[in-house]
Amino acid sequence: MAILVGGKPPGSESRKTVRISQILDKVDSGDIALPEFQRGYVWTRDQVRGFFQSLYRGYPIGGFLTWTTKADSTQARGGGAGRDGTVHLLLDGQQRVTTLYGVTHGRPPRFFEGNSATLTGLHFHLETEVFEFYAPAKMRDNPLWVDVTSLLRNGIGGHLLSLTQLADGDTGAMAAYMERLNRITQIKDRDVHIDEVTGDDKTIDVVVEIFNRVNSGGTKLSKGDLALAAVCASWPEARPTMNEALAAWSDAGFDFKLDWLLRNVNAVVTGEAQFSKLADVEVTAFQAGLKETIDSVGYLLNALGGRLGLDHRRVLSGRGAFPVMSRLLHRHGGRFPDALTRDRLFYWYVHSFLWGRHTGATETALNQDLQALDEGGVDLLIEVLRRSRGGRLEVSPDDFVGSSMGSRFYPLLYMLTRVHGAQDLESGLPLRAGMLGRLNSLQVHHIFPKARLREYGYSSAEINAVANFCFLTQDTNLRVGARKPAEYLPEITMRAPGALESQWIPMVPELWRIENYPDFLAARRELLSCAANDFLETLHDGPAPVDLFTTSRTSLPSTAVAVAEPSSLDDVPGLAGLLRDIREAEFAAPELDSEVTDPRTGDAITVAAAYWPHGLQDEVGGPVVLVTDTTSAEQEALEASDYRVFHSADALRRYVRNIRADHAVP
């Protein structure tokens, strides 16, 4: 295999100068492939456009690095053995080679993993000499815009007639157009350097170290990537098998990362959190552990949906606790030994995500929990968490002060709604899974409508307080609309007796007046905290008389209740336009109304209108936070945690445009 990198790397044996077209031919033939530990294609259209602008202007684009190794000793994507039984693995230059191949051929290479639309539709303007992606309104029937892929595949010949018509007898213009198109077609003839890493001493570990050194300015491999690279070297199907499971869970309404699944496997197989422990695991043990883990995760998702009502991605908090729960299932043959163990585990799980147990130093907390589980079962697991909380595991009214769907207590409200059989305010029917009918999907409802609260000058944080949320069917939400609580709540007491109480709405008419909104929130927080503690104690002390839990191990839960939720789009000026720019630039999609935590302690700092935990471009740059209002303490905590903080959508939008401009003009 061969790997390409910029600069002469440690351990390289030779440097070659080749044409870009030769590299693309080797990709076509499978002589150049990707090592299995490489991530997929992550460039955006802006980066593709900027890269071709650099090529067109003759700017330096860096060299490449390949690793030449025996094809049967290292797993690769998209390659095969050459005549001498070797293959060249691309260590550095994947994004550039993939971009060149995709734009030149009109299709991605065989090793491609990513969004192929990023590579299609690149056009060049003959007069302004800029590259842009196809926009019908601007480019359709406009001969000044030339399809770059068509030009690179078919040459200038097919454009001569349109060039002649454009020039309209102006020989100077004709010459300029020809020179510009020639400059694009000659990109394939450009010489680049390839450093080759060879030798029997270049093991996968050595090569991964080289990869990380030469990619210090780009996307480095995570600890999970490194562990998976070692696994894939011995078992090529590891990555595809894991991706298949992740895709199945995504289809069922749950999005997980590869590292997350690997962390679960690690806990099941080794009982440890550190990925380095996988180095001593035999391939057969890893294969068995992966299969067991996939079954366990499906089993847990069904259990959490059935027992707690946590049945879709938005309300499934505490994903960092899954390795511990997977480990417990492993110790009991893949299923809960009894309902009491299950309920006590879920008592621990809910408290763990309420208090951010696994959002800080992940491996430290996980190792403590895994050790406690192995030594003393669920009881010791709960005791360790209780000690970390100063001896107290209890929900207080003040814990519901948080605002928006990003609060950790939003999933708790949803859970209480599901397990207590809260009633729809219009029909009085329990809000349960599998509700049928066009207008029966659940929606988040503001008990005090946003429009009315704004009229009284309440802030967005006050308006979107968790204690102002309840869940209704779409039909009821439409009927209630923006009516004042003092108008519609008395009607509900007559039409559906008990419905308000089932939603923990204070039965004091004086509190339903908008001028008394703060007192309403305080009263409802009291009711919610009592309901939460009662249910959590029920989990701790024993299973409910009616057990909602399903014992299916293999069937994945459907998205039982698709909840339509309001977001900061309604409250943050310019946010909708910002998100359009983000999508157009193919930057990472943000988490909306998301809780932001201190990465060292896991403590909640604030709830952001939009949050990019891995940077605006995945794994590139630091985390970005858009939060309109912060206290001085929150601002200080965000800055101390290395978050890049913006206080308006317009400010962040200008920052995004600057990044795009940097990509466009290297």
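Mentor: His-446 is a buried residue, because its relative accessibility is 8% and the cut-off for buried is under 20%. The model is a predicted one, and this value is computed from its atoms, as are the others below. His-446 belongs to strand E10, which covers residues 442–446. Its side chain has a partner: a polar contact of 2.8 Å joins the side chain of His-446 to the side chain of Asn-464.

Cys-470 is part of strand E11, residues 469–473. With a relative accessible area of 0%, Cys-470 is also buried. Leaving aside residues up to four places away in sequence, Cys-470 touches Leu-425, Gln-443, Val-444, His-445, Ile-447, Gln-503 and Arg-524. Of these, Gln-443, Val-444 and His-445 fall within the range of strand E10, the strand that also holds His-446. A further pairing concerns Leu-413: the C-alpha atoms of Cys-470 and Leu-413 are 8.0 Å apart in space, although 57 residues separate them in sequence.

That pairing may be read beside a figure for the whole protein. Among contacts with a separation of 6 or more, 72% are between residues 24 or more positions apart. The protein has 666 residues, of which 53% count as buried, and its secondary structure comprises 25 helices and 15 strands.

A buried side chain with a polar partner is also found in a helix. Arg-307 lies in helix H12, residues 283–308, and counts as buried because its relative accessibility is 3%. The side chain of Arg-307 makes a polar contact of 3.0 Å with the side chain of Asp-343.

Two packed helices are described by the angle between their axes and the distance between the axes. The crossing of H13 past H14 is right-handed. On the H13 side, the contact is made by Phe-322, Val-324, Met-325 and Leu-328, while H14 contributes Thr-341, Leu-345, Phe-346, Trp-348 and Tyr-349. By class, these residues comprise eight nonpolar, one polar and no charged.

Two loop residues complete the picture, and for each the backbone deserves attention. Glu-129 has a positive phi of about 60°, although it is not a glycine. Its loop runs between strand E6 (122–125) and strand E7 (131–133). Glu-129 counts as partly exposed, because its relative accessibility is 22%. Asp-168, likewise not a glycine, has a positive phi of about 50°. At 66% relative accessibility, Asp-168 counts as exposed.

To return to the part you asked about: His-446 is buried, its side chain is in polar contact with that of Asn-464, and its place is in strand E10.

Methods:
Residues numbered from 1 in each chain as written. Predicted model: local features only at pLDDT ≥ 70, side-chain atom pairs only at ≥ 80, totals over all residues. Heavy atoms only, no water. Helix = DSSP H or I, 4+ residues; strand = E, 2+ residues; numbered from the N terminus. Buried < 20%, exposed > 50% of the residue type's maximum accessible area, 1.4 Å probe, protein only. Polar contact = N/O pair within 3.5 Å; in protein donor to acceptor, adjacent residues only side chain to side chain. Left-handed = near helix turned anticlockwise from the far one by under 90°. Contact = heavy atoms within 4.5 Å. Nonpolar A, V, L, I, M, F, W, Y, C, P; charged D, E, K, R; others polar.
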